[in-house]
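Good morning, and thank you for joining this presentation.

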Amino acid sequence: MIGRTLGFYFGRRFMSSVLGIFVSCVVLIMMVDFLEMSRRVGERDVDSVTLLVLILYRAPFFTEQLLPFAVLFGAIGTFLTLSRRLELVVARAAGISAWQFLFPACLLAVLLGVFSTTVYNPMSAEFKERANKIEAEIFNRQTGLFASTGGGFWIRQQSVDGQAIIQAGAKVDGGRQLSGVNVFLFGPDGKLQERIEARNATLEDGAWRLSEARVLTPGLGLQSYDTYMVATNLTPNQIEETLQSDTVPFWNLPGAIEAARRVGFGVERYRLQYQALLARPMLLLAMVLIAASVSLRVFRFGGIGQTILGGVAAGFLLYVFTKLAEDLGEAGIVHPIIAAWFPAVVGALMGVLILLHREDG
């Protein structure tokens, strides 16, 4: 068995590499998000501190999917560095097998996956909800007639009044409250009947209640209302399913699944999200094994560029396979447990088989 000192050394090198890559990617994404959000707010009076807090709250949700790649690249970098310094050669000469010096990285990957599922995911969901509230406050500050929200969220509905498309800059409470709202109402012939701008919209029983609404009707001009009602056939569960299924924290998913089942609504997306979070430790373990299978060769033998390219390609293929399986599970074609666990298990087994072939013949 590998010694404690050497195990801590390998584990420390692995974690330093993973965290370094993850933090670098987080900073890059925050910079890009800052530029994009600055463009979205446009001429609204938003101070830099508020915008920075908004970016910080949004960052965990957007960077949660980066963790598998950080583990993959961190593991490749760690093993290549240890090989370049001949530390792995010395370890092998001392009678330590590849499985022994891989154990610290594999254990830390599993623990990192458990932390990501049980702590980081609920934190990212909570911060995303806070970011939604800040966005709602920002986009409540309308500037000009029918001010654009810069994209935001889109909802399509069919009601007794006909078809409608709703555009909103921000959402709160799972989409039950929208801010910076534009509504496009169409008649049975498909022609635009009304265009409505409102400061916010609240979902009530069978209708959206629009506050501080301005309604533009062809032939009648612009009219203003303190409150304006728009019929809808959407329910709170449908709104949440459409807009917020990915922001339900891990610990709340069992309750969300049960609540959706009681009202007869589809639960495939929630079940898939829950199983994917449970399978995340296995996915990170698979990334470490894939990295080891392509980067444990002796550095002086050359072919390092091909090694790195092979590891990146293998990790990318595993990620694509995972997303494809999730899409099939969300569509109900594949059972959520199979869709979430199969790619991670297959990736781990492939890494083990390659290592067995290279290390044990």
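I shall start with Glu-212, which lies in strand 6, the strand covering residues 207–217. Please bear in mind throughout that this is a predicted model. The phi angle of Glu-212 is near 50 degrees, a positive value in a residue that is not glycine. Is Glu-212 buried, exposed or partly exposed? Its relative accessible area is 47%, and Glu-212 is therefore classed as partly exposed, since that class runs between 20% and 50%.

Let us turn to helix 9, which comprises residues 280–295. Of its 16 residues, 15 are buried, so helix 9 is largely enclosed by the rest of the structure. How does its length compare with expectation? At 1.5 Å a residue, the 16 residues should span 22 Å, and the end C-alpha atoms of helix 9 are 23 Å apart, which agrees.

My last topic is the surface. A nonpolar patch is formed there by Phe-321, Leu-324, Leu-328, Ile-333, Ile-338 and Phe-342, and together these residues have about 560 Å² of accessible area. Two elements each give two or more residues to this patch: helix 10, residues 304–330, and helix 11, residues 336–360. Which of them provides the largest share? That is helix 10, with three residues. Leu-328, one of the patch residues, lies in helix 10. The relative accessibility of Leu-328 is 32%, so Leu-328 counts as partly exposed.

Key:
Residues are numbered from 1 along each chain as its sequence is written. This is a predicted model: local features need pLDDT of at least 70, side-chain atom pairs count only at pLDDT 80 or more; totals for chains, interfaces and linings use all residues. Side-chain values use heavy atoms; hydrogens and water are left out. Patches are made of residues with over 30% relative accessible area and no salt bridge: like charges are joined within 9 Å, nonpolar side chains (Val, Leu, Ile, Met, Phe, Trp, Tyr) within 5 Å. Accessible areas come from the Shrake-Rupley method with a 1.4 Å probe; for residues, only the protein chains shown count as cover. A salt bridge is a side-chain nitrogen of Lys or Arg within 4 Å of a carboxyl oxygen of Asp or Glu. Helices (H or I, at least four residues) and strands (E, at least two) are DSSP runs, numbered from the N terminus. Buried means under 20% relative accessible area, exposed over 50%, partly exposed in between (1.4 Å probe, protein chains only). The expected span of a helix is 1.5 Å times one less than its number of residues.
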